[in-house]
Amino acid sequence: MASNLSPAFAYTVVYVRDVANSVAFYASAFGYNVRRLDHSHKWAELESGPTTIAFTPLHQRETDVLTGEVQLPDSKGERNPVEICFDYADVDAAYKRAVNNGALPVSSPEQKNWGQKVGYVRDIDGIVVRLGSSVNEPNKTAS
């Protein structure tokens with residue numbers, strides 16, 4: 001018997017202070033097009049392929065009561081328990097564009113031993129964003 005319970009990853013919802021500012025920031029800093037900005041500015045979406053990146057306010061009467069309030073880190077030294085990751089063919093150029101458009105630099109792009117080039121920034125809400133290349137298997141040396 002076939003199951004109808006196979007999931008499809010549909011949305012990542014980012015809780016932000018100002019939906020309109022955040023979606024405009026992601027468009028300019030990371031190169032996405034805005035698919036939708038609700039007239040109430042309580043919901044926005046980016047054109048991001050099969051999985052939608054959506055933005056909504058930190059606090060909403062509709063969800064705070066049902067699922068609890070969003071908790072933010074207590075200090076700049078802490079971070080949210082989730083990071084957003086974007087792949088780019090040119091990580092250095094993507095990092096430079098993000099910083100030039102208001103992202104806070106965290107770590108310049110560098111080659112990692114798992115075969116990916118990665119740099120980190122923070123968005124205007126303090127969320128860590130990883131800018132990376134596709135993962136390539138490291139070259140294996142003959143033994």
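Which residue forms a salt bridge with Arg36, the closest N and O atoms being 3.4 Å apart? In this predicted model, that residue is Asp38. Asp38 is buried, with a relative accessible area of 18%, whereas Arg36 is partly exposed at 37%. Arg36 also meets the side chain of Glu45 in a salt bridge, at 3.9 Å from N to O. Glu45 counts as buried, with 7% relative accessibility.

A further salt bridge joins Arg35 and Glu47, with an N to O distance of 3.4 Å. Arg35 lies in strand β2 (residues 33–37) and Glu47 in strand β3, so this pair ties together parts that are twelve residues apart in sequence. Both are partly exposed: Arg35 has a relative accessible area of 34%, and Glu47 has 41%. Arg35, Arg36, Asp38, Glu45 and Glu47 are linked in a network of salt bridges. The count of salt bridges in the model comes to eight.

The nonpolar side chains come next. The largest nonpolar core has 25 residues, of which Tyr26, Phe30, Phe55, Phe86, Val129 and Leu131 touch the most other members. Elements that give two or more residues to this core include β1, β3, β4 and β8, but α1 gives the most, with six.

Helix α1 has twelve residues and reaches 16 Å from its first C-alpha to its last, close to the 16 Å expected. Asp18 caps its N-terminal end, with a side-chain oxygen 3.2 Å from the backbone nitrogen of Ala20. Among the buried residues of α1 are Val23, Tyr26 and Phe30. Beyond its neighbours within four places in sequence, Phe30 is in contact with residues including Phe86, Val129 and Leu131. Just after α1, Gly31 takes a positive phi of about 85 degrees.

Definitions and conventions
Residues numbered from 1 in each chain as written. Predicted model: local features only at pLDDT ≥ 70, side-chain atom pairs only at ≥ 80, totals over all residues. Heavy atoms only, no water. Core = buried A, V, L, I, M, F, W, Y, C linked by side-chain atoms within 4.5 Å. Buried < 20%, exposed > 50% of the residue type's maximum accessible area, 1.4 Å probe, protein only. Helix = DSSP H or I, 4+ residues; strand = E, 2+ residues; numbered from the N terminus. Contact = heavy atoms within 4.5 Å. Expected span 1.5 Å × (residues − 1). Polar contact = N/O pair within 3.5 Å; in protein donor to acceptor, adjacent residues only side chain to side chain. Salt bridge = Lys/Arg side-chain N within 4 Å of Asp/Glu carboxyl O.
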